[in-house]
Amino acid sequence: MFRLRVTPGRALLACAALLTLATPAWAQEGARRLGDEEAEAAEAAAQPPPAPVLTRPPELVQFVEASYPEAAKATQREAAVQLILTIDAEGKVTDAVLQGEPVGDGFDEAAIEAAKQFVFRPAEMDGKPAPIRIGFTYRFKFVPEAPPPEEEAEAEPVARLVGRVREKGTGAPVPGAPVGVPAQGVEVLADATGRFTLEGVEPGEIELIATSPDHRREVVTLTLAEGEEVDVQFRLERLRRSPFETIVRGEREKTSLTRRTLDQKELRTVPGTFGDPLRVVQNLPGLARTPYILGVLLVRGTSPGDSAVMIDGHEVPLLYHFAGGPSVLPPEMLGRIDFFPGNFSVRYGRAIGGIIDVETRVAWPKEWHGSAEIDLFDAGLYMEGPLTDDTSVSASVRRSYIDTILRFGEAVSDAPLATVLPVYYDYQARVNHKLGGKDRLSLLVFGSHDDLTVVGDPGDQSGANADVDAALGFHRLKLSWKAHPTDAVEWDLSPVVGVDFTGIDAGRVQADGTVVEFGLRHDLRIQAADDVVVRTGLDLLGRYVILSADVPLRTSNYRPHPAAGFGSRPTDELERSILLNGAAIYGEVEWAPGGGPVTLIPGVRTDYYRYFDQNRFFADPRVNARWALTDAFTLKGGAGIFSQAPPEWRLDEEFGNPDLDLEWAEHYGLGFEWKLTEALTLDVEGYWSRRHDLAERSDSVTVEGGDSGFASINPARFESTGTGQSYGIEMLLKHEVTDRLYGWISYTLAFTEADSGQEGGQGGAGEAGGGGRLNQPHNMVVVASYKWPGNWETGLRFRLGSGNADTPVVGDTYDGDEGFYRGLQGDDNTTRQPLFHQLDLRIERTWIFKAWELAAFLDLQNVYNAENPEFTTYDYRFRNSAKVRGLPVFPSFGVRGSF
């Protein structure tokens, strides 16, 4: 009988740095390591390190033994086959070729066939999994067959150890972890699931040791009996535990001038955000600060309706729950958050402000995991796990419970209570399936519901203002098919259907609205050449709006009594059904001539809109460019046209103008990105945006007829005459995540001007072109978080910025028709509230148990209780005024358990 012993040589990593991997020698009776002389020889043969930097070499976790060639057995020949292995970002060997002259006798073919079945722990470039090529020596050692004994030899007494190596707290497997008995020279590597089998262990008292570069080693002392099999479960504690990873800048293709990408694991710990990653977006350059904890998006001086919020590329009506509640997606369901303040790719449209695109997380867990969290506002539950080897599922649900607490308090105290509170819930469920190769199919169902409702019973409180009820929500079902027909072609086809609903019942005002929506995206990417990438796609959207209302209206033939108010007017019933359609085709080319430092991305998006029998076409040409002057310094610039339909309610035939044109804007930007150190980056951009054809209120009328003595006077109500512009500078100085620290300084210098109009500005309080009350020239945010020993983490956020703009009241007059005083206002937004400044702190402690973790956190906003006036209020005669202060000291405490 012939036996085979093979020894992989040290892998020569021809990337950023020379690293020598001492890989185990494989044999029937165990493993050995290469000697120092071989290591020195490997190091001497290495090439100079090119960029980028290799931060972790690949690690062999699954070895495949080659067949010993029959021709070589006859001559007892041994050989060492030099190979070059190509390993992809998932750790799989995609190619194995000879390095140097062939060895012959079948050794080359056998080594290549076995090496292609190896599995590695992926290499990392700059902290990110990346493909790599390494040198590998496959050694064949001939071991002659021992002659059969005349008598059956008595077997030596041995024992057998089996078990698994997992991470303490999370239960995640630790693949490739060495497990062995050093005193006996026996060692194996855990497989991809963390499992191991250790044969031939001598009985008696032993020390079994499991180690890992990222974990603290664990020693188990056992007493083994002859022939015994013992199951050992290791739980290794991670040496550098970190609930965050990084704010990633530039990891993906940069098709837009500025993309600020957030990772949910890091962003749960930013103070003042209640552990909600989507709230961290409001701490980035390009966004104005909103009052209190509201979730309004004010991007570069535009109105909230001018920016689009998307989930997996499809627009949703809202990102946050009522009254500053959390985002409609929990952190566990988030994969990435992209924020484009302007000059975004032609892939996005129907917006003239900014884009927030939230990508949900695609989970492929090997085992079931979950978490539960409860804080002062709500409670949530998340679960994920495998259904089969090719199918996984994840789901979460969350609900607020302040209303439940108040109802319980009312029952216990037996005292009448009436208050209006937001009550919300959201849900998400996702199924992922591998179709084969790199093709993936996924189904995502998610939704959100908010009620602004009366909690309690007013009883005899005649002054209780509890006559209000409002609801807002949406539901979506999205299917995604991601396919890779060839290595150069990939696409994502994703249809979505959903329904949005809005309702209000406040006294004599009742309204209900329903929107049924259908969308379809097809995004195609083609690697046309080494330096050319073509991206194109189709973006369809259909919306059927149904509205019914019973409201008091100010009609032309009705004149109220002088003492009558809004609630005294007669109500009118309104019924509307509107079909709005949109279709877009886009295409762009990313061209890096000769693979050089300059990248050009020209593109065009053509949109078609149809509403109220009106057809509108608009072509949006755009171009972005990047020039890497050095490995650390890149110039960037861009320009483009961006269009959107007017707000739907302004297109109504009776109360609006269906002939309104499309609104559009010019975007221009110029800046640079500078990597100061490995951990410190600086991003600076200057921008200018000019908006055109904005829908604004109009007093103009058209007169029809009149020849016969009768004329029809038709008010325009709205016209496409509004314009405005915004310009400024944005800066982000970012300290990337290290083992313990992350943080950034964000500063925005912004100016917004409106040339005309009085309606629909920023926050609904300014001009059509922008420049409303929430226009803040200066806005600075400082964020820092540090991970202390003992699994403590503390962080701070300090905000400093201009106060909100205000319009002064210079006098008053009595309106006899309406029966109340009116304030006489001065020039719009010519005064400003005092400087805003606020410090927020967060403290979090994590306890790690054998199979689960428990974290407790305290998030404290406005630590020193700054007043920070937001608005000015007046008495009914506009004689006296008072400042309305901002958020006082506001604590939030919560706990989170996970397994």
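Among contacts between residues at least 6 apart in sequence, 65% join residues at least 24 apart. The structure shown is a predicted model. Its chain has 899 residues, of which 46% count as buried. The protein contains 5 helices and 50 strands. Its accessible surface comes to about 41600 Å², and carbon and sulfur atoms account for 57% of that area.

Strands of a sheet pair through backbone hydrogen bonds, either parallel or antiparallel. One of the bridge pairs is G163 with F196, the latter in β14.

A second open sheet is built from 4 strands in the order β13-β12-β15-β16, with antiparallel pairing. Its edge strands are β13 (186–189) and β16 (215–224); each has a single partner strand, so one side of each has no neighbour in the sheet. The twist in this sheet averages 15° from one strand to the next. Strands β12 (residues 178–181) and β15 (residues 204–212) run antiparallel and are joined by 2 bridges. V179 stands opposite A210, which belongs to β15.

With β32 (residues 571–591) the pairing is antiparallel and has 9 bridges. A584 has D607 of β33 as its bridge partner. These two strands form a hairpin with 6 residues between them, and in the turn G594 has a positive phi of about 65°. With β34 (residues 614–628), β33 also pairs in the antiparallel sense, here over 14 bridges. T599 stands opposite R626 in β34. The hairpin of β33 and β34 has 2 residues between the strands, and F612 takes a positive phi near 50°.

The two faces of β33 can be told apart as well. In a regular strand the side chains alternate between the two faces of the sheet. In β33 the covered face holds T599, I601, G603, R605, D607, Y609 and Y611, while the uncovered face holds V598, L600, P602, V604, T606, Y608 and R610.

In one of them, E59 and R121 have their closest N and O atoms 3.8 Å apart. This pair connects distant parts of the chain, since E59 is in β4 (residues 59–62) and R121 is in β7 (residues 119–121), 62 residues apart. E59 has a relative accessible area of 23%, which means that E59 is partly exposed.

R576 and D652 form another salt bridge, at 2.4 Å from N to O. R576 is in strand β32 and D652 in the loop between β35 (633–644) and β36 (663–675), 76 residues apart. Are the two residues of this pair buried, or partly exposed? The cut-off for buried is under 20% relative accessible area. R576 is at 21%, so R576 counts as partly exposed. D652 is at 8%, so D652 counts as buried.

E673 lies in β36 and K636 in β35, so the pair ties together parts that are 37 residues apart in sequence. Both E673 and K636 are buried. Salt bridges that share partners also join R347, R350, D357, R521, D523, D539, R605 and D607 into one network. Two of these residues, R605 and D607, are on the covered face of β33.

The surface has a nonpolar patch formed by W368, L381, M383, L387, V397, W847, F849, W852 and F899, with about 850 Å² of accessible area together. Strand β24 (residues 378–388) gives the largest share of this patch, 3 residues. F849 is in the loop between β46 (836–848) and β47 (853–861). At 34% relative accessibility, F849 counts as partly exposed.

A residue in a loop can also be buried, as T807 shows. T807 is found in the loop between β42 (805–806) and β43 (809–815). Its relative accessible area is 7%, so T807 counts as buried. Leaving aside residues up to four places away in sequence, T807 touches Q825, G826, D827, D828, N829, T831 and Y874.

Methods
Residues numbered from 1 in each chain as written. Predicted model: local features only at pLDDT ≥ 70, side-chain atom pairs only at ≥ 80, totals over all residues. Heavy atoms only, no water. Buried < 20%, exposed > 50% of the residue type's maximum accessible area, 1.4 Å probe, protein only. Contact = heavy atoms within 4.5 Å. Areas by Shrake-Rupley, 256 points an atom, 1.4 Å probe, with all protein chains shown as cover. Pairing = 2+ DSSP bridges. Patch = residues over 30% accessible without salt bridge, like charges linked within 9 Å, V, L, I, M, F, W, Y side chains within 5 Å. Salt bridge = Lys/Arg side-chain N within 4 Å of Asp/Glu carboxyl O. Axes fitted to C-alpha atoms, helices over the stretch in contact; angles between N-to-C directions.
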